[in-house]
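Work through the exercises below with the sequence and the model side by side. Try each task before reading its solution.

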Amino acid sequence: SATIEREGVTVEMPPTIQALLLTRLDRLPAGARRLLQDAAVLGHVFDARLLRAVASEPTECEASLELLVDAELLEEVAAAERRYRFNHALVQEVVYQNLLQRRRTELHGRAGQALERLVGGEPERLEDLETLGRHFSLSADRARGARYLIAAGDCARAIYANEDALRHYQRALETLEGCEGSDAERLVVRE
């Protein structure tokens, strides 16, 4: 049985549902399956520009997106903005959980780098800081993720969103635990 964690709640997925989803995904052409894996790293809702920047095979992105929409695994939610979402959170979670850890780490790093290019050198929006922090904290560049999470905490604190700020600072501390030579940064975050 697979374990799914959503917004701090852990749910056990029956193995039969997971097996059915995996069987359905295995029937997809290899390019579409890889694109679905790339998309799963971006989250339940994602931007097509970011997906194209992260995609293992960017030249096949459009055709694979169409195929995944036709297969009712994805749906376009904002045509003007080219935003998509998984038709069901379980599909995204099963695809994500079945990625090899090494590939997942690599894709999170690529997503963080691509998002940095898309938002520019100094992101100011809280949403961008949170997303950059999440991707980099799950990549090989965990220290960079912690810096974005700290910036997100500072941004949230500045608008008196104290619970959000605490959550970001806590995630930054958890991320820094795995980073060597980050004692000074941990002290600053604790303060």
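This is a predicted model: local features need pLDDT of at least 70, side-chain atom pairs count only at pLDDT 80 or more; totals for chains, interfaces and linings use all residues.

Residues are numbered from 1 along each chain as its sequence is written, and side-chain values use heavy atoms, with hydrogens and water left out.

**Exercise 1.** Classify the ring pair of F46 and Y84, and state whether F46 is buried or exposed.

Solution. Start with the rule: rings of Phe, Tyr and Trp (its six-membered ring) pair if their centres lie within 6.5 Å, and planes under 30 degrees apart count as stacked, over 60 as edge-to-face and the rest as tilted. The structure holds 3 aromatic pairs. In the pair of F46 and Y84, the ring centres are 6.1 Å apart and the planes lie at 20 degrees, so the pair is stacked. Next, place the residues: F46 is in strand 3 (residues 45–47) and Y84 in strand 5 (residues 83–86), so the pair ties together parts that are 38 residues apart in sequence. Helices (H or I, at least four residues) and strands (E, at least two) are DSSP runs, numbered from the N terminus. For burial, the cut-offs are under 20% relative accessible area for buried, over 50% for exposed, and partly exposed in between (1.4 Å probe, protein chains only). F46 has 2% and is buried; Y84 has 5% and is buried. Finally, F46, Y84 and F86 form one aromatic cluster.

**Exercise 2.** Find which residues of helix 4 are buried and what they pack against.

Solution. Helix 4 spans residues 61–70, and its buried residues are C61, S64, L65 and L68. Seen down the helix axis, they fall within an arc of 105 degrees, so they line one face of helix 4; the arc is that of the directions from the helix axis to the C-beta atoms. The face turned away carries the exposed residues A63, E66 and D70. The buried residues pack against helix 2 (30–42), helix 3 (48–54), strand 4 (74–78) and strand 5, where contact means heavy atoms within 4.5 Å.

**Exercise 3.** Locate the salt bridge between R85 and E75.

Solution. A salt bridge is a side-chain nitrogen of Lys or Arg within 4 Å of a carboxyl oxygen of Asp or Glu. The count by this rule is 14 salt bridges. For R85 and E75, the N to O distance is 2.7 Å. R85 lies in strand 5 and E75 in strand 4, 10 residues apart. R85, at 33% relative accessible area, is partly exposed, and E75, at 28%, is partly exposed.
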